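Okay, thanks everyone, I'll keep this short. I'd like to talk through some aromatic contacts today, so let me put the structure up.

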Amino acid sequence: MTAHPATDVFEEHRSLLMGVAYRMLGRVADAEDVVQETWLRWYQADRAEVREPRAYLVRIATRLAIDRLRQVRSRGEAYLGPWLPEPYLTEFADTAPDTADRAVLADTVSLAVLVVLESLSPLERAVFVLREAFGYPYAEIATLLDRGEAAVRQLAGRARRHVAERRPRYEVDPARRRDLTERFLTAAAEGDLDGLLSLLAPDVQLVGDSGGKAKAPLRVLHTADKVARFLIGVTRKLPAGLSVRPLEVNGGPAALALAGDEPDSLFQLDIADGRITAVYIIRNPDKLRHLTGR
């Protein structure tokens, strides 16, 4: 059986739409909802009148994401403890073999950058994502958002400055991050305090996201000594039979800890100058379920 022409066109652009929606929202389920709603509107549209399907689809997805972001913020939902984006499975090695393209994609979807993007206005965030992550020209972004090009350039400049001021410096090379992640996990599992301290930058921070649904620090931890001692204490209390599965999430290597088939925790590191500068631990079960398809 031959797929419907509308389906063929949409599937060609699905990964792009998901990439835009996730960077806009930082939530996988919300991004999937946006992509599904984009499909429905595309299917119901008079497609004979659409000259540029890619631009049409991105326009719909971006506007839906802006609306959803505004709704979330208007509800003013409280979150217990530090908030991190919902981890997003990525395989940029397959979709972006060029090193420069991979670095750009990985950087704009990293946990650190997505946390910074949360502080942008919805329009600033849309312009930043379209320009910095996907390289859209200002004129095309203006058309997508029904804004003047001068206004879009102003939004882009403001968003870029904001991100640059708050974006932590970190190494995006996946091989280096993978090596340090393995050494970090080994030192933590063996209770090797000196080994951990040798890997951590003096001003390292640990961010734990549980949403109040699992045990995790309710404040960001700072300094190598505090972070190392916390990690040693945690590993001593881990349940027996815990297994670790390597993953690529948000453009970089990560480790998913599993209790049986149930996801328990996700660990990811930022590194700079060969030392760990940030440890991210996501324990909110609502944010981990999709990583195992459960």
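This is a predicted model: local features need pLDDT of at least 70, side-chain atom pairs count only at pLDDT 80 or more; totals for chains, interfaces and linings use all residues.

Searching the whole structure turns up four aromatic pairs, and I'll show you two of them. One is Trp39 with Tyr43, a tilted pair at 5.2 Å centre to centre, with 45° between the planes. Both residues sit in helix α2, which runs over residues 28-44, and they're four residues apart, so about one turn of the helix.

How buried or exposed are these two? Trp39 has a relative accessible area of 18%, and because the cut-off for buried is under 20%, Trp39 counts as buried. Tyr43 is partly exposed, at 42% relative accessibility.

Okay, next pair: Trp42 and Tyr56. That one is tilted as well, 5.8 Å between centres and 55° between planes. Here the pair links distant parts of the chain, with Trp42 in helix α2 and Tyr56 in helix α3, residues 53-75, 14 residues apart.

What does its charged end sit over? The ring of Trp42, for one, 5.9 Å from the centre. Arg47 also lies over the face of Tyr43, at 5.7 Å from that ring centre.

Note on methods: Residues are numbered from 1 along each chain as its sequence is written. Side-chain values use heavy atoms; hydrogens and water are left out. Rings of Phe, Tyr and Trp (its six-membered ring) pair if their centres lie within 6.5 Å; planes under 30 degrees apart count as stacked, over 60 as edge-to-face and the rest as tilted. Helices (H or I, at least four residues) and strands (E, at least two) are DSSP runs, numbered from the N terminus. Buried means under 20% relative accessible area, exposed over 50%, partly exposed in between (1.4 Å probe, protein chains only). A charge sits over a ring if NZ of Lys or CZ of Arg is within 6 Å of the ring centre and within 35 degrees of the ring normal.
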